Number of protein chains: 2
Amino acid sequence: MALSPLFVGLDVGGTSMKGGVVDDQGRPLGSVSMPTEAYKGQQHGLARMAETIRAAVRAAGLAMDQIAAIGVATPGTMDIPAGIILDPPNLKPWRNVPVRQYIYDTFQVPTAFQNDANAAAYGEYWAGAGRGAHSMVLFTLGTGVGGGIVIGDTVIEGEHSHGAELGHVKIEMTQPRQCGCGRMGCLEAYASATSVVKRTLEALAANPTSSTLSQVLDRGEDITARAVFMAASQGDRLAGQIVEDTAYYLAIGAMNMMHTIDPSVIVFTGGMIGAGEAFLERIRFHVKQMAFPVPAARTQIRYSQLGTDAGFIGAAACGRQAYRKQTVKDG
Amino acid sequence: MALSPLFVGLDVGGTSMKGGVVDDQGRPLGSVSMPTEAYKGQQHGLARMAETIRAAVRAAGLAMDQIAAIGVATPGTMDIPAGIILDPPNLKPWRNVPVRQYIYDTFQVPTAFQNDANAAAYGEYWAGAGRGAHSMVLFTLGTGVGGGIVIGDTVIEGEHSHGAELGHVKIEMTQPRQCGCGRMGCLEAYASATSVVKRTLEALAANPTSSTLSQVLDRGEDITARAVFMAASQGDRLAGQIVEDTAYYLAIGAMNMMHTIDPSVIVFTGGMIGAGEAFLERIRFHVKQMAFPVPAARTQIRYSQLGTDAGFIGAAACGRQAYRKQTVKDG
């Protein structure tokens with residue numbers, strides 16, 4: 001083994017999985033991406049995970065026996081301490097998949113298992129936007145809104161593997177939007193990319209001639225969150241209002257965490273951060289308007305630094321944690 | 001020193017302060033209460049704290065040299081790591097009061113300083129409704145709504161001493177009530193005892209003949225939260241609706257923590273829990289309606305077991321933590 005131990009992280013998504021090797025400081029040495037093909041069943045899925053791990057090690061110019069530990073991150077639902085995916089909506093038809101045991105049996109090194117958003121948070125905490133901070137809250141913005149919380153090097157998994165389901169904090173009672181989860185008034189129903197599109201379509205239906213985005217619909221094309229942010233940056237007023245509302249909703253999400261966890265840093269990640277610094281400034285503006293003065297002044301609000309690599313880097317960090325526990329036990 | 005170390009906890013409130021001695025299992029051996037008299041200034045306040053600590057030790061039939069450590073809990077605003085009260089709205093005209101240093105200088109034993117709601121949470125976690133649990137969230141229901149979070153024996157103080165300000169999580173955007181803190185839509189604006197009274201007065205103004213509580217007003221008396229709960233238990237429909245709404249708001253507070261911290265146990269404390277098991281059942285009902293199925297089924301939702309003693313017992317637990325750190329360092 002090298003003097004400085006090396007770790008593999010694997011981030012399993014509904015469409016593809018990404019594996020990579022990182023060193024003891026969280027620097028990626030090589031990574032690969034392969035299709036998940038969940039529809040082929042979970043045995044295929046497990047074999048594909050092992051295959052991606054091997055390919056990642058080759059991509060880094062290494063051999064498996066140079067790897068000290070492995071971490072695997074997947075979407076839920078899951079039992080994190082048991083290392084099992086339970087009934088994942090994004091990996092159908094998988095059910096009760098013993099991921100950690102399978103990977104451990106295959107590679108015989110310390111193996112960690114973690115929720116994907118938790119892993120991304122731990123990756124940013126270790127080697128990205130949260131590096132050097134004592135605590136960090138991450139919001140992942142995509143089809144849904146996910147979250148991860150790290151306090152003093154501990155990932156807040158929760159007692160029932162439901163820690164940091166930050167998209168499902170209720171922020172509205174009177175006129176609650178329905179969330180993708182079926183619940184009413186969740187943050188996700190306001191602040192996800194899906195909601196950006198939905199709110200835009202509602203605004204266009206109410207006022208069809210008010211926006212350049214109407215032309216997209218007239219061409220028979222779908223409106224994307226990206227197109228809304230683009231139109232806003234080009235001065236489209238309707239799109240500008242949608243973006244501003246989104247910043248406000250995300251600021252509520254951030255503030256609620258500042259009054260709960262009171263972390264050193266709050267990080268946003270996902271496609272929406274392509275909107276750039278101006279959007280981040282609007283989130284910060286609303287946070288300063290709403291939060292208690294001390295956390296409002298001192299909490300850092302940033303974009304992700306690792307982007308889509310955060311998942312596998314964080315999964316590797318979980319592997320590293322398992323390795324260090326093992327080393328302490330053996331030592 | 002006794003074989004099993006003994007600790008003093010002091011819970012400083014706006015009106016009175018309560019000090020007590022507890023043993024190494026959190027059992028109270030004696031306690032006293034004295035008026036805070038904050039208006040007499042902070043030097044008087046500090047002297048009163050020392051006096052209350054000495055009186056508590058006497059009340060337990062002990063001498064000061066039998067005390068291993070002391071913990072002091074106070075309301076905010078504060079800098080917890082520095083051991084200082086900053087600008088406390090409930091202890092005017094105090095400002096920048098070096099509580100921990102003063103108590104340490106006076107008694108020369110390890111001394112801890114903590115926010116009062118955090119201390120109450122730690123007390124319940126150690127020796128009350130959260131005993132044996134890995135993690136716990138406490139809601140304190142009074143004039144305001146406070147909170148405390150304990151995960152794996154660590155109190156989540158936050159990086160800027162604003163951890164677990166759970167009354168100030170925003171739960172409403174469209175028709176937000178104004179909170180005592182000046183913010184809009186905070187949980188406290190819906191679920192505090194103050195809000196119970198305010199919502200009742202609004203309902204009575206809209207429909208004066210609909211409730212037996214109108215008679216209280218007719219007699220020129222003030223309506224209290226206690227009277228509202230009492231009327232509800234006697235079948236008053238208007239009061240019943242206010243109480244039911246309160247259970248719903250508290251369930252939102254609980255659910256939001258189940259989707260953030262996902263604790264083993266959620267505990268409610270404060271005068272409102274005098275409403276008894278029926279009210280707790282309504283909170284549980286709404287939680288089960290709203291939360292994710294797994295935490296909804298498994299998270300314990302309970303009332304406080306220590307009542308108003310939780311503050312000094314928790315403060316003592318913080319002292320015990322300081323003592324154990326000291327012992328590890330010395331040993």
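How many residues of chain A are in contact with chain B, and how many of chain B with chain A? In this predicted model, 46 residues of chain A are in contact with 46 residues of chain B. The area buried between chain A and chain B comes to about 3,700 Å², and carbon and sulfur atoms give 59% of that area.

Polar interactions can be considered next. Across the interface of chain A and chain B the rule finds 30 residue pairs in polar contact, both residues being at pLDDT 80 or more, while zero salt bridges are found there. On the side of chain A that touches chain B, the elements that give two or more residues are strand S9 (145-151), helix H8 (237-258) and helix H10 (293-298) of chain A. The largest share of this side, seven residues, comes from H8(A). By class, the side of chain A that touches chain B has 23 nonpolar, 15 polar and eight charged residues.

Helix H8(A) can now be followed from its start. There, a side-chain oxygen of A:Asp236 reaches to within 3.3 Å of the backbone nitrogen of A:Leu238.

Conventions: Residues are numbered from 1 along each chain as its sequence is written. Chains are lettered from A and ligands numbered from 1 in the order in which they are written. This is a predicted model: local features need pLDDT of at least 70, side-chain atom pairs count only at pLDDT 80 or more; totals for chains, interfaces and linings use all residues. Side-chain values use heavy atoms; hydrogens and water are left out. Contact means heavy atoms within 4.5 Å. Buried area is the accessible area (1.4 Å probe) that two parts lose on being put together, summed over both. A salt bridge is a side-chain nitrogen of Lys or Arg within 4 Å of a carboxyl oxygen of Asp or Glu. A polar contact is a pair of N or O atoms within 3.5 Å; within protein, one must be able to donate a hydrogen and the other to accept it, and residues adjacent in sequence count only if both atoms are side-chain atoms. Helices (H or I, at least four residues) and strands (E, at least two) are DSSP runs, numbered from the N terminus. Ala, Val, Leu, Ile, Met, Phe, Trp, Tyr, Cys and Pro count as nonpolar, Asp, Glu, Lys and Arg as charged, and the others, Gly among them, as polar.
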